[in-house]
Amino acid sequence: MTEIKSDGSQSQTVLLAGATGYIGKYVCETLLSRGFHVLTLGRATSKAQDHHNLENISIDICSDKKMAEFAQTSRQIDAVISCLGSRVGGRRDAWAVEFGANQNILTLARSMAAKNFVLLSAICVQKPKLEFQFAKIAFENQLIASGMTYSIVRPTAYFKSLAGQIENLKAGKAFVMFGKGVSTACKPISPQDLSDYICDCLENTERYDKVLPIGGPGPSITPIEQGEMLFRFLDKKPKFSRVPSAIFRIISTMMAPLALISEKISDLREFVHIGHYYATESMLFWDVTAQQYSSDKTPEYGRDSLEDFYHEVLKSGLEGHELGDHKLF
Ligand SMILES: NC(=O)c1ccc[n+]([C@@H]2O[C@H](COP(=O)([O-])OP(=O)(O)OC[C@H]3O[C@@H](n4cnc5c(N)ncnc54)[C@H](OP(=O)(O)O)[C@@H]3O)[C@@H](O)[C@H]2O)c1
């Protein structure tokens, strides 16, 4: 559907996958506020807002057959944004969603002659060790090889990922961190800043055919600094609980034999590996030459600060920023 805007230009149609997710919801609102016509595809469209420029199609994106049938409908799309991500994080779901569903979206985009594809990926794929990271990279490579104009956005940690312990601290519990809480760091980004960055990729030609690591306004922050900041805002004496990250390795080793015969345990073991990854790896640009993470080389974007976000959550709660299955504590 192409609509004529008040200035006489045609509004572009963007196909959005993952519109019901944390970032996808912001992207949907940002696109609508910028006058785009938005066509969302997904299994749960009921939560999406009511807007004259928004059309929700309920479809199983993981089904090659359903998606091929949909491709037969005569629709015109100008661009695609995918904010898909596995809700479960297990091995099979990671490949089904991060790779399979995105592949179906790419096939659809090409059959509908979309001009460009903006993919929300993650900065952690630069140092892949986990199944979902391998699935993300496999799709990134397909997209790059497809010949379609692409922008692959690889953000650092989201604000919400640094908010999982707030309720515990309010209840008087200690801030849990791995080791001394200084061996990892990130430059967190707010959902609105990230959404603006993603939507800008549609028209900013400097971001075409690029892999784009991106962080918030900085500076980078370590876990102990997060804890100290929260205790300061709560006006409480800092209390830390230090957990050795080796705990994940021990649990993984114990689970190894059973993981060979049970897919459920294999998935649980994968979650343990995810825990170990986030306890030991920074969400910053990985400098291959120096073989270390670089805060300075992690590009910064946006205006929203983690301090303001923490103040807001302490005042109004975490509604809208829930961590879901990704919660570690
Ligand atoms: N958390 C972080 O700090 C962080 C940092 C950098 C990058 N990332 C990456 O950013 C991406 C988006 O994150 P997010 O927090 O916005 O994700 P999210 O809230 O979990 O949303 C995921 C989206 O994917 C859809 N989806 C999942 N499985 C599906 C399936 N089988 N069929 C159809 N749709 C499916 C969900 O639809 P339903 O509503 O139907 O489930 C939802 O719209 C992820 O790829 C994540 O890895 C996260």
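**Around the ligand**

Tutor: Keep in mind that this is a predicted model. Start with L84: one of its polar backbone atoms is 3.2 Å from an oxygen atom of the ligand.

Student: How much of the ligand's accessible area does the protein cover?

Tutor: On its own, the ligand has 930 Å² of accessible area. The protein covers 89% of that.

Student: And which elements give two or more residues to the shell around the ligand?

Tutor: Those are α1 (22-33) and α3 (91-111).

Student: Back to backbone atoms. How far is a backbone N or O atom of Y22 from an oxygen atom of the ligand?

Tutor: The distance for Y22 is 2.8 Å. For G85, a backbone N or O atom sits 3.3 Å from a ligand oxygen.

Student: Which residues come nearest to the ligand?

Tutor: T20, R87, K136, Y158 and S161, out of 25 residues around the ligand.

Student: What's the shell like by class?

Tutor: Twelve residues are nonpolar, eight are polar and five are charged.

Student: New topic. Where is F233 found?

Tutor: F233 is in helix α7, which spans residues 223-234.

Student: What is F233 in contact with, beyond its neighbours within four places in sequence?

Tutor: E307, Y310, H311 and L314.

Student: And how far apart are F233 and V313?

Tutor: They are 80 residues apart in sequence. In space, the C-alpha to C-alpha distance between F233 and V313 is 11 Å.

Note on methods: Residues numbered from 1 in each chain as written. Predicted model: local features only at pLDDT ≥ 70, side-chain atom pairs only at ≥ 80, totals over all residues. Heavy atoms only, no water. Near = heavy atom within 4 Å. Polar contact = N/O pair within 3.5 Å; in protein donor to acceptor, adjacent residues only side chain to side chain. Areas by Shrake-Rupley, 256 points an atom, 1.4 Å probe, with all protein chains shown as cover. Helix = DSSP H or I, 4+ residues; strand = E, 2+ residues; numbered from the N terminus. Nonpolar A, V, L, I, M, F, W, Y, C, P; charged D, E, K, R; others polar. Contact = heavy atoms within 4.5 Å.
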